[in-house]
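Trainee: Could we go through the open sheet and the salt bridges, with each label set against its cut-off?

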Amino acid sequence: MSGRLVKITAPLSGTFYTSPSPDSPPFVQVGQRVSAGDVLCIIESMKVFTELRTEYAGAISQIFLEDEDPVTRNQELMELELD
């Protein structure tokens, strides 16, 4: 890996969800490798659920929030170490 880190930020304010439903596993976990286009999380705002997809390939190095935490626009959600 290159060691270059990218911060993934919230495109809107709302509620952060780690999985598509309470019974489902999380989209990503720390250490997991992702490809460009993979879903990282969901942000719900005013009953609209927005999937947040990565533009990069790499490994999740940090997740800064817990499931159902409130988020504000541009808040850092997670960190990705690029390939």
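The conversation below takes up the strands, then the charged pairs, then one glycine.

Mentor: Before we start, keep in mind that this is a predicted model, in which local features need pLDDT of at least 70 and side-chain atom pairs count only at pLDDT 80 or more, while totals for chains, interfaces and linings use all residues. Residues are numbered from 1 along each chain as its sequence is written, and side-chain values use heavy atoms, with hydrogens and water left out.

Trainee: How many bridges join β6 and β8?

Mentor: There are five bridges between β6 and strand β8 (residues 76–82), again in the antiparallel sense; Q62, for instance, stands opposite E79.

Trainee: Why do β1 and β3 count as the edges of the sheet?

Mentor: The four strands form an open sheet in the order β1-β8-β6-β3, with antiparallel pairing. β1 (5–9) and β3 each have a single partner strand, so one side of each is left without a neighbour in the sheet.

Trainee: How do you know that E76 and K7 form a salt bridge?

Mentor: The term requires a side-chain nitrogen of Lys or Arg within 4 Å of a carboxyl oxygen of Asp or Glu. For E76 and K7 the closest N and O atoms are 3.9 Å apart, so the pair falls within the 4 Å limit. It links distant parts of the chain, with E76 in strand β8 and K7 in strand β1, 69 residues apart.

Trainee: What is the N to O distance between E79 and K7?

Mentor: The side chains of E79 and K7 meet at 2.6 Å, N to O, in a salt bridge. Since E79 lies in strand β8 and K7 in strand β1, this pair ties together parts that are 72 residues apart in sequence.

Trainee: Why is E79 called buried, and why is K7 called partly exposed?

Mentor: Buried means under 20% relative accessible area, exposed means over 50%, and partly exposed lies in between, with a 1.4 Å probe and protein chains only. E79 has 8% and is therefore buried, whereas K7 has 38% and is therefore partly exposed; E76, at 37%, is also partly exposed.

Trainee: Which salt bridge involves R33?

Mentor: R33 meets D83 in a salt bridge at 2.4 Å, N to O. This pair links D83 in the segment after β8 with R33 in strand β3, 50 residues apart. D83 counts as partly exposed at 47% relative accessibility, and R33 likewise has 47% and counts as partly exposed. As for shared partners, salt bridges join K7, E76 and E79 into one network, and the structure holds four salt bridges.

Trainee: Which residues are in contact with G3, leaving aside its neighbours within four places in sequence?

Mentor: G3, which lies in the segment before β1, is in contact with E81 and L82, where contact means heavy atoms within 4.5 Å. G3 has a relative accessible area of 43% and is therefore partly exposed.

Notes:
Two strands pair if DSSP finds at least two bridges between them. Helices (H or I, at least four residues) and strands (E, at least two) are DSSP runs, numbered from the N terminus.
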